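The following exercises are to be worked through with the sequence and the model at hand. Each task is followed by a solution in steps.

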2 protein chains.
Amino acid sequence: MVKRSEVARAAGVSESTVSYVITGSKPISEATKRRVHKVMEEMGYKPNAMAKALRSGSSRMIALLFNVSDHHGINDGDISYVLGAANEARKNGYHLILWPAYDREIEDAILQAQTGLLDGIILMEVRLQDDRVDLLHSLNIPVGLIGRTNNYETEIYADRDFEAAEEVAFAELVRLGHTKIIFLSTTAKQYREGYGAIVRGEKAAKFLGNKFDVEVQVIHASNTIESGIKAADQFSEKFDDFTGIISLNSEAVIGFARGIQRLGFKVPKDVSIICIDTIEQGALDAEPSLTTVSPPAAEMGAAAVRGLIKSLRAENDDNSEKLFVGKLVRRESTASVPSGRSIRKDR
Amino acid sequence: MVKRSEVARAAGVSESTVSYVITGSKPISEATKRRVHKVMEEMGYKPNAMAKALRSGSSRMIALLFNVSDHHGINDGDISYVLGAANEARKNGYHLILWPAYDREIEDAILQAQTGLLDGIILMEVRLQDDRVDLLHSLNIPVGLIGRTNNYETEIYADRDFEAAEEVAFAELVRLGHTKIIFLSTTAKQYREGYGAIVRGEKAAKFLGNKFDVEVQVIHASNTIESGIKAADQFSEKFDDFTGIISLNSEAVIGFARGIQRLGFKVPKDVSIICIDTIEQGALDAEPSLTTVSPPAAEMGAAAVRGLIKSLRAENDDNSEKLFVGKLVRRESTASVPSGRSIRKDR
DNA sequence: GTGAAAGCGCTAACAT
DNA sequence: ATGTTAGCGCTTTCAC
């Protein structure tokens, strides 16, 4: 590896001059610049990243903490958030370390931040009250969130605008004539744990029910197909006059769609379904394919990283987008309510 | 940030002694060790990672190049390989940088390896002849593969043992009485591009057909549900007396299963399906759920990283596992061929 | 516009 | 068993 000093000698200048040429931090004559560049080129000089990091006190590394656990499978769709984040980091001269975190553990990432390995940390699956966020703040470790806490005004984050996203879904169903809408959420346990998506999502559903003057009922299911199928039973027994489904549960909705069809409901003839939070692939795999208002996951991952990097650079970030809606993609699961509709269950 | 010299002063020893205590590279008296440790603890000393990296000439960073493109969607299932890799890196004191690569580009990763930012690179979607591998070798940049080239004997890699995996599937179908088996592969284009999975997969299928003395026909489809549905037409027209399907195509198989059912074939009553290469979630989402011999993706990602790290440490790696089979998981898509069976198409 | 020199925090060869 | 010292490759005052 050829180094700075060798380049300097070969170019007949001092080491510091080479630095100035590279960083542009001082005015250097055109002639010298050219000469130095030429020598660097010829010698195949590559500046050493670790030396720069040591000197500058910044590793340009960001860790993205990716929660894994043995209990529940990984959310395949999360790869989009992660890739969006990694891509944005690279665009800005940073690098994204993928950091598997068991049980939301954060200690080892903190340790590495304190050793100077990490300039900052990105958190996913944020709760309204999130110990991890508080802890990182108290240690002065820069954090960006995909999601957000209750007091997000002071945070760096990128999150879904659940109300706006659901409003798109409600508007679509209302436009199609639906007036009785089921909101398929996750379990009470997860609600209690305070995941922003769930709490904000349910709240928005109720609010929008009023706003659009339609009846809204919430059904809970855990994030599995099985659980969705069970939810379909519940639907059939208690809510079989409802015609619209808006789902916040990317897994269960697949089972739900299957379940109600097994019970004799036609999708979309009898029941229309829109997914708010979804794995795109799952929505495509489902039968019929599901209409969605999907989160722009890659953009959100990118925005969280961009915000974090701006803050690391002490740049202002006031005008950047922090809340994302997502676009309505109409697929096979939505249709108008037939005039004079009444559900027939073919059993 | 408290540093080495401060610890040394506070403990009344020299800086190097502190180093020896930490690295254990020289014998130090128990008393001194204890004292130094106590002081480090009290002062909250954290060794600086960048200084260590500079000094040691090793960043302990590995980049995993993740191919992305605008043409074909990302394979959601790949997250398991990536997480397995990241996890293994951390276990060994390394860190995995997720590196999105457009069009299989590798130049910027090479550059960063040359700046000392990267100790090594992990490649996915490896082709039998892979320019990227050759290039990295020629530049003396350590590489690990998830997948493998034609001359893999000298490579660090973790790959599927396609023949063994398919043998599990063949054996299962044969056990169930199937004697006419369709092998659902990907497109001719991808075959020509020389992806190991496809070339080795098809070859193994033909070999195993002979070995088990069953008839094998290959059907090609691109990696979409639509394409799988079309393949079902082909099946119905030309191969409707075939009763077993073994699929190497994780996307198309979902459409294929749907397509043949629409055409009146019952799964698994008339046709049994086993997936060799699959996204677990997709196999669960499908209706009926699909029997699989899935790749142990996380293990494979881990093995590739482990091999690379061993090589970076100049350790011997001869006895480690490089080829992975995967386990048969029976689900709803497989059943015995009814005695005296003949396919009825209900149309 | 350019150079000399100090130092980021660590390690290890060479003392003692 | 412990200390002295040089230096990893870079940046950045401070001089001229």
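**Exercise 1: Salt bridges**

Over all chains, the structure holds 40 salt bridges, a salt bridge being a side-chain nitrogen of Lys or Arg within 4 Å of a carboxyl oxygen of Asp or Glu. The model is predicted: local features need pLDDT of at least 70, side-chain atom pairs count only at pLDDT 80 or more, and totals for chains, interfaces and linings use all residues. Side-chain values use heavy atoms, with hydrogens and water left out, residues are numbered from 1 along each chain as its sequence is written, and chains are lettered from A and ligands numbered from 1 in the order in which they are written.

Solution. 

Step 1. The closest N and O atoms of A:Lys38 and A:Glu42 are 3.4 Å apart, and the two residues form a salt bridge. Helices here are DSSP runs (H or I, at least four residues), as are strands (E, at least two), numbered from the N terminus.

Step 2. A:Lys38 has 53% relative accessibility and therefore counts as exposed; A:Glu42, at 57%, counts as exposed. The classes are buried (under 20% relative accessible area), exposed (over 50%) and partly exposed in between, with a 1.4 Å probe and protein chains only.

Step 3. In chain B, the side chains of B:Lys33 and B:Glu30 meet in a salt bridge at 3.6 Å, N to O. B:Lys33 is partly exposed because its relative accessibility is 29%, and B:Glu30 is partly exposed at 48%.

Step 4. Two further cases complete the exercise. B:Arg132 and B:Asp130 form a salt bridge at 3.0 Å, N to O, and both residues are buried. In chain A, a network of salt bridges links A:Glu30, A:Lys33 and A:Arg34.

**Exercise 2: The surface near DNA strand C**

Task. Which residues are the closest to DNA strand C, and which helices each supply at least two residues of the surface near DNA strand C?

Solution. 

Step 1. DNA strand C is surrounded by 26 residues, the closest being A:Thr32, B:Arg4, B:Tyr20, B:Tyr45 and B:Arg55. Of the atoms of DNA strand C that come within 4 Å of the protein, sugar and phosphate account for 61%. A residue is near a strand if one of its heavy atoms lies within 4 Å of it.

Step 2. Helix 2 (15-23) and helix 4 (49-56) of chain A, together with helix 2 (15-23) and helix 4 (49-56) of chain B, each supply at least two residues. Helix 2 of chain B gives the most, with four residues.

Step 3. Individual atom pairs can then be listed. A phosphate oxygen of DNA strand C lies 2.5 Å from an N or O atom in the side chain of A:Thr17, and a phosphate oxygen is 2.7 Å from a polar backbone atom of A:Ser14. At a base nitrogen of DNA strand C, the distance to an N or O atom in the side chain of A:Arg55 is 3.1 Å.

**Exercise 3: The surface near DNA strand D**

Task. Which residues are the closest to DNA strand D, and which helix gives the largest share of the surface near DNA strand D?

Solution. 

Step 1. Around DNA strand D there are 26 residues, the closest being A:Arg4, A:Tyr45, A:Arg55, B:Thr17 and B:Thr32. Sugar and phosphate make up 54% of the atoms of DNA strand D that come within 4 Å of the protein.

Step 2. The largest share of the surface, four residues, comes from helix 2 of chain A.

Step 3. A phosphate oxygen of DNA strand D is 2.5 Å from a polar side-chain atom of A:Tyr45, and a base oxygen is 2.9 Å from a polar side-chain atom of B:Tyr20.

**Exercise 4: Strand 5 of chain B**

Task. Which strands pair with strand 5 of chain B?

Solution. 

Step 1. Strand 4 (residues 143-146) of chain B runs parallel to strand 5 of chain B and is joined to it by two bridges; B:Tyr157 is the bridge partner of B:Leu145. Strands pair if DSSP finds at least two bridges between them.

Step 2. Strand 11 (residues 323-324) of chain B also pairs with strand 5 of chain B in the parallel sense over two bridges, and B:Leu323 is the bridge partner of B:Asp159.

Step 3. From strand 5 (residues 157-160), B:Tyr157 and B:Asp159 point one way and B:Ala158 and B:Arg160 the other way, and all are buried. In a regular strand, side chains alternate between the two faces of the sheet.

Conventions. A polar contact is a pair of N or O atoms within 3.5 Å; within protein, one must be able to donate a hydrogen and the other to accept it, and residues adjacent in sequence count only if both atoms are side-chain atoms.
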